[in-house]
Amino acid sequence: MSEEYKREYVFGLDYGTSDFKFGPITLGEVPEVIENRGYFIDRSSLMSRIMGVNREIIVGKDIPKFLESREDLAERMVYPMRNGIIAKDDERAWKIIKELTKYALESFAPPDEEFEGFYVVASISVVSPRYMYEKLFEIFRELNREKILVKAATIIPQPLAVAIAQKTPTCTVVESGHGNTQICPISMYPVRNAVIALNRGGGAANALTMEILKDAGYGDLAKEESFVKLVKEEIGLIPRILDEAIRYARSNPEKVKVSLKIPGTRIRVVLDDMAWTRFLIGEFIFNPGHEIFQSYFTRGMPKPSDIKFGDTYFYGMMDMSEAVITSIEKCSIELQPHLYSRILLSGGNFSWNVPEGLEEVAVKADEKLKQLLLEKEIEGASISIVEDPKYSVWRGCMVYGYAVPHDYEWRWEKMEGWMDVA
Amino acid sequence: MEALRAAGYMFEGNGILGGSLKAEFRAASLSGDEVIILVKSAEPDDLRSLLSLLTRECWYVDVYYHLRGEGAQAAAKNLGMQLPENGVYRSRMRFSDVELRVEAYPRLAALTISYRAGWKEVNSGAVVKVHEKILGGGNRKSALNRLLGWIR
């Protein structure tokens, strides 16, 4: 197998907590994206037998065609990577990961005999335990028993993929997806004992948006997560300083009020008197400990809780700047200034816009973190949001797969190289 | 990189700028003998200038276009091919004396078209003709997706 073959067949798989990004190197900048979820069909039902549905799991864009009642949805729809970690014995979750992987690879596997499998670069959370690596390699082997899809595979942590895509060997990566946030200092390799994980991401902001929608009279609609997510993305704002932003919104309601029409429906969401709550959505990502959120917790909104998965703690309420500082301060003193001087924000949870006219009070994620660090006396931090933060992990997979020579074998002690799975 | 600089291209981080061309260095092999350049936008003539320069420095350049949705359908129509409904299809066709490799991914409504360019394809003007055939003659500002350069 030649180096030239490998370069043509590098394939990236980014197992995000909400979205699964995949595709070969020939896609250029933007991978294919489907939701990281699967739906277990009730195969015993009469209708599925009449309709000739003989699959156990549906993944990808076909899922909506198979959905049953809302009650069934909760039981049958599985989001395997909600926390970035899958328990070793969670068979349903692993089945979905296998099905998603198969879906991705089969979508691009050429039919001709020249094809001997992709060189797969998979990326998972930096806090993933070793058994997840072993399990993924096993999935690639199992898929090959049905049809050759993977020649060799390697697995890299998501923050490292971001650093690779940015060609930055020394930095701090803050990767925030739907389910969690990983803060990972990198000095050539991830500094694993300095990693801090937060048990919140875009999903936490969704939960708050849901409460805001309920208060605004859209309680019925607020039960559907895709609707809530859309509203969050369209109306949510990150305040530069929350208290000032709320004061501004109350004295300039015409500038902050919003009316959102949901495409393809007759639904319109209007926030008029309550427009100030738009700033709460962004604030919650960074600082859920602000006293203003207490009333939501009191009324039953779930508080992001501290959880332990394996050896890893996921902190629920730690504010983002505190997490960055705690993580960096676990590294050597000599290294710390370098880690503050290049903080990369990556992941869909950092894609926030500032509408025209609100620049005074609303900011993007990098400015917000800078402000919070300043409040904790960290001056001179250089923070940037990577280009297309949602895709930066997949892009890092491409750069890594392209660079690593095809004959560089996997080594468990370094967790790098190609594992032959064909 | 030196050749690009000598030819008047500007660099901003990984970005390469020259006339209407906006591109960036995406990746390089560890041995340094290959590089990926991602072309984000370029008028056909500026693309030809870039390829002309690269083919003087490299053994060959593999040019890739990846198109999705309506762009893929339009390109297939321009090339006179019918997109299949299922599976993954790979075929070859000749246009302007260049062998094009076409890969269709119907499940994703996507199409990848690639060919290998050398000095002959650049000097004969085939590079511009292929570009316009794939992206449509009137769409001279459309983005190319990717170039792979094999450096000598």
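A charge sits over a ring if NZ of Lys or CZ of Arg is within 6 Å of the ring centre and within 35 degrees of the ring normal. The model on screen is predicted.

Start in chain A. Select A:Arg250 and A:Trp276: the arginine lies over the face of the tryptophan, at 4.4 Å from the ring centre.

Next, select A:Arg299 and A:Tyr296. Here the charged end of A:Arg299 sits over the tyrosine ring, and the distance to the centre of that ring is 4.9 Å.

Now turn to rings that pair with rings. Over all chains, the structure holds 21 aromatic pairs. Select A:Phe11 and A:Phe118, one of these pairs; with 4.7 Å centre to centre and 50 degrees between the planes, the pair is tilted.

Move to chain B and select B:Phe11 with B:Phe25. This aromatic pair is stacked, at 6.3 Å centre to centre and 5 degrees between the planes. B:Phe11 lies in strand S1 (residues 10-12) of chain B, and B:Phe25 lies in strand S3 (residues 21-28) of chain B, so this pair ties together parts that are 14 residues apart in sequence. Are B:Phe11 and B:Phe25 buried or exposed? Both are buried.

Conventions
Residues are numbered from 1 along each chain as its sequence is written. Chains are lettered from A and ligands numbered from 1 in the order in which they are written. This is a predicted model: local features need pLDDT of at least 70, side-chain atom pairs count only at pLDDT 80 or more; totals for chains, interfaces and linings use all residues. Side-chain values use heavy atoms; hydrogens and water are left out. Rings of Phe, Tyr and Trp (its six-membered ring) pair if their centres lie within 6.5 Å; planes under 30 degrees apart count as stacked, over 60 as edge-to-face and the rest as tilted. Helices (H or I, at least four residues) and strands (E, at least two) are DSSP runs, numbered from the N terminus. Buried means under 20% relative accessible area, exposed over 50%, partly exposed in between (1.4 Å probe, protein chains only).
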